[in-house]
Amino acid sequence: MHAFDILGDPVRRRILELLADGERAAGDLGAVVQAEFGISQPAVSQHLKVLRDSGFATVRAEGTRRLYAVDAEPLRQVDEWLDPYRHFWTQRLDALATELARGRRQRRGADPTPKGTDTP
């Protein structure tokens, strides 16, 4: 399965978002995902298996718990794949930053109260 097939699923993306903060137990992940997406525990387990099998997540046993964590390598590969396309949005983001800075400068230079009026 291609990385974008893995990341294209909103449930798997949400699981990765939850794991971005650090290692989490399968039960904790399941509770959040079941509540947000209304899917069953076996469905959550299947998504975790896909993430594990594709290398996006690792799992380790701690007693009876299974703790999941993000494996960054596939994400680095996605980032490398995106690199040639980055210029399409980088220039636009730079232009947006320039316009935002221009607006801040204009607001600072403007007098908030018109001359000849008193503020209560």
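D53 counts as exposed, because its relative accessibility is 54%; exposed means over 50% relative accessible area, buried under 20%, and partly exposed in between, with a 1.4 Å probe and protein chains only. Before I go on, this is a predicted model, where local features need pLDDT of at least 70 and side-chain atom pairs count only at pLDDT 80 or more, while totals for chains, interfaces and linings use all residues. Residues are numbered from 1 along each chain as its sequence is written, and side-chain values use heavy atoms, with hydrogens and water left out.

Back to D53. Which residue does the side chain of D53 meet in a salt bridge? The partner is K49, at 2.6 Å from N to O. By salt bridge I mean a side-chain nitrogen of Lys or Arg within 4 Å of a carboxyl oxygen of Asp or Glu. D53 and K49 are 4 residues apart in helix α4, so about one helical turn separates them. K49 counts as partly exposed, at 35% relative accessibility.

In general, side chains of opposite charge can pair when their charged atoms come close. How many salt bridges does the structure hold? There are 8.

Next, a network. Salt bridges link E23, R60, E62 and R65. Within this group, the side chain of E62 meets that of R60 at 3.5 Å, N to O. E62 also forms a salt bridge with R65, again with 3.5 Å from N to O. R60 is partly exposed, with 39% relative accessible area. For E62 the value is 38%, which makes it partly exposed, and R65 is partly exposed at 40%.

Now the helix packing. Helices here are DSSP runs of H or I with at least four residues, strands are runs of E with at least two, and both are numbered from the N terminus. Helix α2, residues 10-20, packs against helix α4, residues 41-53, at an angle of about 70 degrees, with the axes 10 Å apart. The axes are lines fitted to C-alpha atoms, for helices over the stretch in contact, and angles run from 0 to 180 degrees between N-to-C directions. The two helices, α2 and α4, are therefore roughly perpendicular, the term for 65 to 115 degrees.

Which residues of α2 and α4 meet? On the α2 side they are V11, R12, I15 and L16, and on the α4 side H47, L48, V50 and L51. Contact means heavy atoms within 4.5 Å.

Note on methods. Parallel < 35°, antiparallel > 145°, perpendicular 65-115°, else oblique.
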